[in-house]
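Biologist: Could you take a close look at the aromatic pairs for me, and walk me through where the rings sit and how they meet?

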Amino acid sequence: MENQKVLEELKDVISKQMPDINKMIKDMYEELHKYSPNILICGKSGVGKSTLINSVFRENIADTGIGKPITTIIRKYSNEDVPVNIYDTPGFEAGKSENIEEVINFIVDLNSDTDPNKHIHVMWYCIAGSGARIENGEIEFMKKINESTNVPVIILLTKCDQDQEETEKLNVEIKKINLPISNLLIVSAKKNINLDKLITITNQLIPEAFRRAFMNAQIVNIEEK
């Protein structure tokens, strides 16, 4: 009988608190989606951008067909259950001046808005590590991004598992150029190499108000989450 009494009292307490708990969950959900960070991912076709996105965030938000065309070379990927917006550049080639201009104008236009929710908060620039070279157009692009915007850039040498030696050579080469970027990281989405570091670095670069949503959206760094 004593146990039954305790259970009834506990049930009564829970029932009284449920409205507060539901409100707390609703408030947390609204807060996360109120400050959803915007990440721009650039790089040539075939460097593994979609694989990277789907390895880092929940719900495979870069699945084919979800992306919404924003410009001729930029698509927006979002999912109502994942508090992050991804702007991908499937048609981007750094050697084309019109592509560079389109991306820069896109960033400048968004970041001139008084609403920080519309800003691009960080850029991931992907280069296939096995290619062992950075093109002149990519170097020009990095410099113009630095001159024209305040967006921090992380260069990601992707697919490092395919050729670690060539990737390391490229890593050394880029460091010698001394580009105006925030960070340079060797990663592999398939082998989950340094994705946790990517999360930590990105979280440090985006505005503080957007960090909780970003950490909620990612599935890589559980300790940070």
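Modeller: Let's start with Phe214, which is buried at a relative accessible area of 0% (buried is under 20%, exposed over 50%, partly exposed in between, with a 1.4 Å probe and protein chains only). Bear in mind that this is a predicted model, where local features need pLDDT of at least 70, side-chain atom pairs count only at pLDDT 80 or more, and totals for chains, interfaces and linings use all residues. Residues are numbered from 1 along each chain as its sequence is written, and side-chain values use heavy atoms, with hydrogens and water left out.

In all, the structure holds seven aromatic pairs; rings of Phe, Tyr and Trp (its six-membered ring) pair if their centres lie within 6.5 Å, and planes under 30 degrees apart are stacked, over 60 edge-to-face, the rest tilted. One of them is Tyr35 with Phe210, edge-to-face at 5.7 Å centre to centre and 90 degrees between the planes. Tyr35 sits in the loop between helix H1 (2–34) and strand S1 (38–42), and Phe210 in the loop between helix H6 (195–205) and helix H7 (211–217), so this pair ties together parts 175 residues apart in sequence. (Helices, H or I of at least four residues, and strands, E of at least two, are DSSP runs numbered from the N terminus.) Tyr35 is partly exposed at 26% relative accessibility, whereas Phe210 is buried at 2%.

Back to Phe214: its ring centre is 6.1 Å from that of Phe57 and the planes are at 75 degrees, so they pair edge-to-face. Phe57 lies in the loop between helix H2 (49–56) and strand S2 (68–69) and Phe214 in helix H7, so parts 157 residues apart in sequence are tied together. Phe57 is buried too, at 1%, and Phe57, Trp124 and Phe214 make up one aromatic cluster.
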